[in-house]
Amino acid sequence: PPTLDLKRTGAGQSRLEVNGPAGRYVVSRSFALPTWSPLTTNLTFTGQVAFEPVLFSPAPVAFFRAHIE
């Protein structure tokens, strides 16, 4: 399964890195489990995907998940 690494990059911003096998990844976010909203879908040949979602607005807590389609 893919692994996620979330790093703060500035005020209210973060960088999410997904590492795993090559494929098409769907990254989703939830402010209130179990409701998930897809953020992005990325195709990778290297198994690495990175993007900078807005993390801390409107809720102070967010959950992320990634899966291969």
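Mentor: One term before we start. Strands here are DSSP runs of E, at least two residues long, numbered from the N terminus. Also keep in mind that this is a predicted model.
Trainee: Okay. Where is Val 61, then?
Mentor: Val 61 sits in the loop between β5 and β6, and β6 covers 63–68.
Trainee: Is Val 61 buried, exposed or partly exposed?
Mentor: Partly exposed. Its relative accessible area is 47%. Buried would need a value under 20%, and exposed one over 50%, so Val 61 falls in between.
Trainee: Which residues make a nonpolar surface patch with Val 61?
Mentor: Leu 33 and Phe 63 do. With Val 61 they make a patch of about 260 Å².
Trainee: Let's zoom out. How many helices and strands does the protein chain have?
Mentor: The count is 0 helices and 6 strands. Read from the N terminus, the order is β-β-β-β-β-β.
Trainee: Which strands form the open sheet?
Mentor: There are 3 strands in it, in the order β1-β2-β5, and the pairing is antiparallel.
Trainee: How many bridges join β1 to β2?
Mentor: There are 7. β1 spans residues 3–10 and β2 spans residues 13–19.
Trainee: Where do side chains point in a strand?
Mentor: In a regular strand they alternate between the two faces of the sheet.
Trainee: New topic. How much of the protein chain is buried?
Mentor: Buried residues are 30% of the 69 residues. The accessible surface is about 4,300 Å², and carbon and sulfur atoms hold 55% of that.
Trainee: Last one. What share of the contacts with a separation of 6 or more links residues 24 or more positions apart?
Mentor: That share is 56% in the protein chain.

Notes. Residues numbered from 1 in each chain as written. Predicted model: local features only at pLDDT ≥ 70, side-chain atom pairs only at ≥ 80, totals over all residues. Heavy atoms only, no water. Helix = DSSP H or I, 4+ residues; strand = E, 2+ residues; numbered from the N terminus. Buried < 20%, exposed > 50% of the residue type's maximum accessible area, 1.4 Å probe, protein only. Contact = heavy atoms within 4.5 Å. Areas by Shrake-Rupley, 256 points an atom, 1.4 Å probe, with all protein chains shown as cover. Pairing = 2+ DSSP bridges. Patch = residues over 30% accessible without salt bridge, like charges linked within 9 Å, V, L, I, M, F, W, Y side chains within 5 Å. Salt bridge = Lys/Arg side-chain N within 4 Å of Asp/Glu carboxyl O.
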